[in-house]
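Here is a short tour of one protein chain, meant to be read with the model open beside it. Please have your viewer ready.

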Amino acid sequence: MITGSIEEGVYPRILVSVVTPTENMVEKMLVDTGFDGDVAVHYNDADRLQLEIVDSLVIEYASGDRIEELYCRGKILWFGKALESEFILSNDEEPAIGTRLLNGCIMNMNFIDNRLAIDKPQAR
């Protein structure tokens, strides 16, 4: 089970380990149910996380804006296993995980105790 907290009673966040060639880097990430990808990080984090740019794609944001963003391939630890993931690079300062990672999981958010839990997926 992955656990996290709901900060300020509004922002669900978990710690995610990004696997790099030299080390695992732990990042606090927003759980963004409006984002249908794997992981989103700021452009400046690509070098620090040792991500290689693969290509670009057009992302449609909640505002309706369609913006061409760069994406990279990388790995995160997800339920204790290295998982190949797509990292979208954007201007958003806060790293986030999206619903593609939550596919097959059960997520519970308790806004009274400000806790969240993601149960292990059935098959991945």
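## Starting at Gly104

Let us begin with Gly104, which sits in the loop between α2 (99-102) and β9 (106-110). This is a predicted model, so please read every value here as computed from it. With a relative accessibility of 40%, Gly104 counts as partly exposed, since the partly exposed class covers what falls between under 20% (buried) and over 50% (exposed).

## The chain as a whole

Stepping back, the protein chain holds two helices and ten strands. Read from the N terminus, the order of its elements is β-β-β-β-α-β-β-β-β-α-β-β. The radius of gyration is 14 Å, close to the 14 Å that the globule rule gives for 124 residues, so the chain is as compact as a globular protein of that length. If you turn the model along its principal axes, the C-alpha trace spans about 40 × 35 × 25 Å.

What share of the 124 residues counts as buried? The figure is 41%. The accessible surface of the chain comes to about 7300 Å², and carbon and sulfur atoms hold 47% of that area. Among contacts with a separation of 6 or more, 52% are made by residues 24 or more positions apart.

Which residues does Ala96 touch, once its neighbours within four places in sequence are set aside? The contacts of Ala96 are Met29, Leu30, Asp32, Phe35, Asp38, Val39 and Ala40. For Met29, the C-alpha atom is separated from that of Ala96 by 4.6 Å, although the two residues are 67 residues apart along the chain.

## The largest pocket

Two or more lining residues come from each of β5 (52-60), β6 (66-78) and β7 (81-90). Of the elements, β5 gives the most, with four residues.

The volume of the largest pocket is about 590 Å³. By residue class, the lining divides into twelve nonpolar, four polar and eight charged residues.

## Two loops with positive phi

Gln50 is found in the loop between α1 (45-48) and β5, and its phi is near 55 degrees, a positive value in a residue other than glycine. Phe79, in the loop between β6 and β7, also is not a glycine and has a positive phi of about 55 degrees.

Are these residues buried or partly exposed? Gln50 counts as partly exposed, with a relative accessibility of 34%. Phe79, by contrast, is buried, because its relative accessible area of 16% is under 20%.

Methods: Residues are numbered from 1 along each chain as its sequence is written. This is a predicted model: local features need pLDDT of at least 70, side-chain atom pairs count only at pLDDT 80 or more; totals for chains, interfaces and linings use all residues. Side-chain values use heavy atoms; hydrogens and water are left out. On a 1 Å grid over the protein atoms alone, a cavity is a set of points where a 1.4 Å probe fits but cannot get out, and a pocket is an open set with protein on both sides within 12 Å along at least five of seven lines; lining residues have an atom within 4 Å of a point. Grid points are joined across faces, edges and corners, and a volume is the space filled by probe spheres set on the points. Ala, Val, Leu, Ile, Met, Phe, Trp, Tyr, Cys and Pro count as nonpolar, Asp, Glu, Lys and Arg as charged, and the others, Gly among them, as polar. The radius of gyration is taken over C-alpha atoms; the globule rule is 2.2 Å times the number of residues to the power 0.38. Buried means under 20% relative accessible area, exposed over 50%, partly exposed in between (1.4 Å probe, protein chains only). Contact means heavy atoms within 4.5 Å. Accessible areas come from the Shrake-Rupley method with a 1.4 Å probe; for residues, only the protein chains shown count as cover.
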